Every structure is written in structure tokens, then in C-alpha cells.
Amino acid sequence: MPYSARMQKSHLYSVFFAPRGNERMVDLGMQIAQQYLSPFDKLIGLMGVSGSGKSMLIKGMFPGLELTNDDEGVNVRPLPLFNVDETGFYTAHTYHIDVRFESAFKQMHELADAILYAVGKGKRVIVEHFDLIYPQLGRNAHLLIGIGEEVIITRPTLFGPKPQEVADVVFKSISSRLKVHTAEDICEYALSKLGIDTHQYEHADVRNGFILSFLSKPELDLHALQAEIDQLILQDVPVSYFDENHIQIGTDMHRCTGPRMHVRSTGEVKNLTLLKELLVEPITDRFLLVGVVDEMDDVNNLNHIILQ
């Protein structure tokens, strides 16, 4: 058995926070490729709702790979996957397919046959919405990745997990991620109203919430910030996609690097609570502003491990 395959033999699953921005999602893709991807993996399956970040994760894992469902609306035709040379010698090594998108043009059995043929020729195929094609394929992926509130990476065996199991988890949790991302942008928007520039802090994650990390302690009234946020939520202001770098909160433009991942209005967030003191991170000495879309009973145990 090749060394890289032996290293992954005992891997059940890993869980990461799902980043709420395109740049952070690309960075996570690079990390996943370095830690979990084997050169011998030929079939990679991804699952998650549209806009959850699957394409950005793929760009991080496979830099330079031509995606066939470009977000700008330029779709590659004919689909390269259907043009694998008989010998496999004169064609690319890695292919991408969005099953949900391509099912509008091809039958599922045709897509499955093309995937299996390419894999049989030693090619690598990256499949978005893998759960939809799995019943036709009759085989699992070498590596399964689900993107919801968290990113789940698993290397399935004969004993599971099945793609639908991973899909069920990430589909169920995506609503929380939408709310938290909108909450993060509501907080940013309110901070700008109080004169705090976005360049003064960095973003980080916590379960059901977010962290804004300051290098130096900001002059900030957290009670006034909470009141501003509460007012925005009470007004139920529309939140909408504008372009790949901006959303609109009401009629105001707001910079956002993950503009497709939001609820439709601020009122859907409902319960956004800020910790009323800035925490100091002991390793970096940075000041942390913590917001949670949930009850905040014990701030020291927000990232508790959920055992089922």
C-alpha cells in the first residue's frame, strides 16, 4: 500500500468551521489538500447547497482547475469530461463536474458513465452534488467533503458513511451558517456606523457565532453597539447580493467576501448577542469581540464537542 494511502487508513472524519468568506474558503481548501488528499484519490465528492462555497473550496484544493459551472455564467462546452481520450494519454488529468447543473443537459446514467470511464482511465474527477449521482455510480468516492455550518471531510469505506448521510448533516446545518454570516455583517455594518473601520480587525470563527479580532483595544461602547444591532434586527432590513465583493443592507452597500451566504433580511437573525467585554487572547494578546446567534451561557465552552 502506498505511504500516503497508509497515512489516511485510520481517518474517520474531520470537522472544520466553514469559513464565511471566499478567501478563507480557498485557504481551507489548500489546507485540506495538504492534509487529506492522496495522489491516488481519483474520485472526490462534494456536497452542499448552492452558494455554500464548494467551488471556492475546489479552487483552493486544485489551483488552476477549470470549473465547468463558472459563477460568472460562462459554462465550459462541450463538457471536457465527455472528451477523455481512449488511451487517456492526450487528455487532462483532473476534471470537474457539477451534477445538479449538468443534469439539465444529460441523463444521470450518462453522467455516471462518463465519470466511471474517466476514473477507469486513471483520471481524477471532482464531483459537486455527489449525493445525486451516487445511486447511479454504484461506488463511493475516495474522499467525501460536505459543506454546511461546518466542513466535514471523510474517507468512506465499505462500511460508510454514505454520501446522503453527510449531505443530510450539512443541509440541516446550513441555515445556522446563513444566520451567523448575516449576523457578522450586521455587526460590521453597525461598527462602521460607530466609526470603527474594517481594517482595524480580522475575522475568526466560533460555534454559532463569530469573532472580530483587534490588534489594539478599540474605543468601543459594546452596549451602544448591541443597541445598534438590535435596532437593525428589529427593522427587518433586506439583505441582498450585489456583486462578488458586496452585499446591500437596505439601500447601503457593504463589503463582503461571501455575498451569496446570507438570510434575506436582518430580522431572520433574531437573536444576536455580543459578549459585553472584550476578551484578551493570551497567546497573541489580541482583543476579541465575540458575537453569538444563540444563548451564551458559558463563553469558555462555545466550541464544545457534540457527541451523538
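In what order do the three strands of the open sheet run, and is the pairing parallel or antiparallel? The order is β9-β10-β11, and the pairing is antiparallel. Strands pair if DSSP finds at least two bridges between them. Helices (H or I, at least four residues) and strands (E, at least two) are DSSP runs, numbered from the N terminus.

This is a predicted model: local features need pLDDT of at least 70, side-chain atom pairs count only at pLDDT 80 or more, and totals for chains, interfaces and linings use all residues. Residues are numbered from 1 along each chain as its sequence is written, and side-chain values use heavy atoms, with hydrogens and water left out.

The edge strands are β9 (239-243) and β11 (252-255), each pairing on one side only. From one strand to the next, the twist averages 35 degrees. Four bridges join β10 (residues 246-249) to β11. I249 has D252 in β11 as its bridge partner. Helix α7 packs on this sheet and touches β9, β10 and β11. Contact means heavy atoms within 4.5 Å. The direction of α7 makes about 110 degrees with that of β11. Axes are lines fitted to C-alpha atoms, for helices over the stretch in contact, and angles run from 0 to 180 degrees between N-to-C directions.

**Helix α2**

Helix α2 (residues 22-36) has 15 residues and reaches 21 Å from its first C-alpha to its last. That is close to the 21 Å expected at 1.5 Å a residue, taking 1.5 Å times one less than the number of residues. Its buried residues are M25, L28, G29, I32, A33 and Y36. They fall within an arc of 140 degrees seen down the axis, so they line one face of α2. The arc is that of the directions from the helix axis to the C-beta atoms. On the other side, E23 and Q34 are exposed. Buried means under 20% relative accessible area, exposed over 50%, and partly exposed in between (1.4 Å probe, protein chains only).

**E228**

E228 lies in helix α8 (residues 222-235). With a relative accessible area of 29%, E228 is partly exposed. E228 touches A190 and K193, not counting residues up to four places away in sequence.

**Backbone exceptions**

Most residues other than glycine have a negative phi, and most peptide bonds are trans. The peptide bond from G160 to P161 is cis, with omega near 0 degrees. P161 lies in the loop between β6 (150-154) and α7 (163-193).
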